Amino acid sequence: MSKTKAALVLEDGRVFRGTAFGAEGQTLGEAVFCTAMTGYQETLTDPSYDRQIVVATAPQIGNTGWNDEDDESGKIWVAGYAVRDPSPISSNWRATGTLQDQLDKQNVVGIAGIDTRAVVRHLRTRGSMKAGIFSGAALAGDDELLARVNGQPSMLGADLAEEVSTDGMYTIEPVGDHRFTVVAVDLGIKTNTPRMFAERGVRTHVVPSNTSLDDILALNPNGVFLSNGPGDPATQTGAIALTQGVLERGIPLFGICFGNQILGRALGRDTYKMKFGHRGINIPVVEEGTGRISITAQNHGFALEGEKGEVFDTPFGKAEVSHICANDGTVEGVRLLDGRAFSVQYHPEAAAGPHDAAYLFDRFAGLMEGA
């Protein structure tokens, strides 16, 4: 472990001191915590974590190293990483390097040796907040560091989808026979999503977040998919209008995470910033129509307004709140009652798991088959 001093500074003045982990320097972002016990590589490379400093609740991080297969995108997206006990060695047959080396290589500033339990309790009480990690030459007096932290923009009102989206369209071909074609709007898509479609015979055209409806229709899709992603959904006027255009034409639509919030807003619902959000791979969700409970992976700091079992009018027909979080009653899914569009707040494509909700990809395939 590095002996270089480091500090995690929160916007309310709380300071946690430790040592540098990864690159040395300064990073700013929103401090959030993730309750996943495994899958740190997938977490770090998830574009939904753009501009967030992730605090790991698992006490030891890095013991399985880093490999060439589990990235959920082409880079690490977290703004910073805070851990308690970084493993001094990597022990996994798939590892091609260490977490420390990868953080260094991608210039991700982190901190180790802090009481992450205390950090998480603080964030659960006070809520997610602006933060910064500082080490080496970036260290200064506490007042100066606090001023840097509070000078950054808030996550409320942050428009980040275009920042993480693909620059141009690319296509993932199906495994085996071609059954359907889906256009996936990349608001921060993860690698495993097109892979899940491919396993079901789906050709996936992944398109930038600002793609027009005409360009999507020109691809003659059987369905449209709205991906996960970072930032405030209220900023996504283009994606919301695009979704409304898809709904007007009756094209089957499926959204996850950020895509759930986009569909909800297209249906006339409001969104709000949660106190500390849901981030982890152990969050229970109840599907209202069936009573089915899934343990899910989640990463979101915003949510849709609504109540358990609520049915509401939209310009596209009646819709309902289809899923709720068993822990706190947060809306976890909406759908049109005619079945042609649905979304969930969690990650059915979850890697490193759980896989309870993978059936939703089959549900979408069935929707396209019946269209």
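1. Let's start with histidine 347: in this predicted model, it counts as buried because its relative accessibility is 3%, and the cut-off for buried is under 20%. Histidine 347 sits in the loop between strand S20 (341-344) and helix H10 (359-370).

2. Who are the neighbours of histidine 347? Leaving aside residues up to four places away in sequence, histidine 347 touches Asp46, Lys190, Asn228, Ile256, Cys257, Ala297, Gln298 and Asn299.

3. The UniProt annotation "active site", from an unreviewed entry, covers Cys257 together with His347 and Glu349. These residues are spread over 93 residues of sequence, yet they cluster in space, with a largest C-alpha distance of 10.9 Å. Of these residues, His347 is included in the lining of the largest cavity.

4. Now for glutamate 349, which is also found in the loop between S20 and H10. Is glutamate 349 buried or exposed? With a relative accessible area of 0%, glutamate 349 is buried, so it falls under the 20% cut-off.

5. As for its surroundings, glutamate 349 touches Lys190, Asn192, Thr193, Met196, Ile256 and Phe361, again not counting residues up to four places away in sequence. If you are setting up a view of this region, lysine 190 is a handy landmark: a polar contact of 3.1 Å joins its side chain to that of glutamate 349.

Conventions: Residues numbered from 1 in each chain as written. Predicted model: local features only at pLDDT ≥ 70, side-chain atom pairs only at ≥ 80, totals over all residues. Heavy atoms only, no water. UniProt positions renumbered as here; feature names shortened; annotations may be inferred. 1 Å grid on protein atoms, 1.4 Å probe; cavity = no way out; pocket = protein on both sides within 12 Å on 5 of 7 lines; lining within 4 Å. Helix = DSSP H or I, 4+ residues; strand = E, 2+ residues; numbered from the N terminus. Buried < 20%, exposed > 50% of the residue type's maximum accessible area, 1.4 Å probe, protein only. Contact = heavy atoms within 4.5 Å. Polar contact = N/O pair within 3.5 Å; in protein donor to acceptor, adjacent residues only side chain to side chain.
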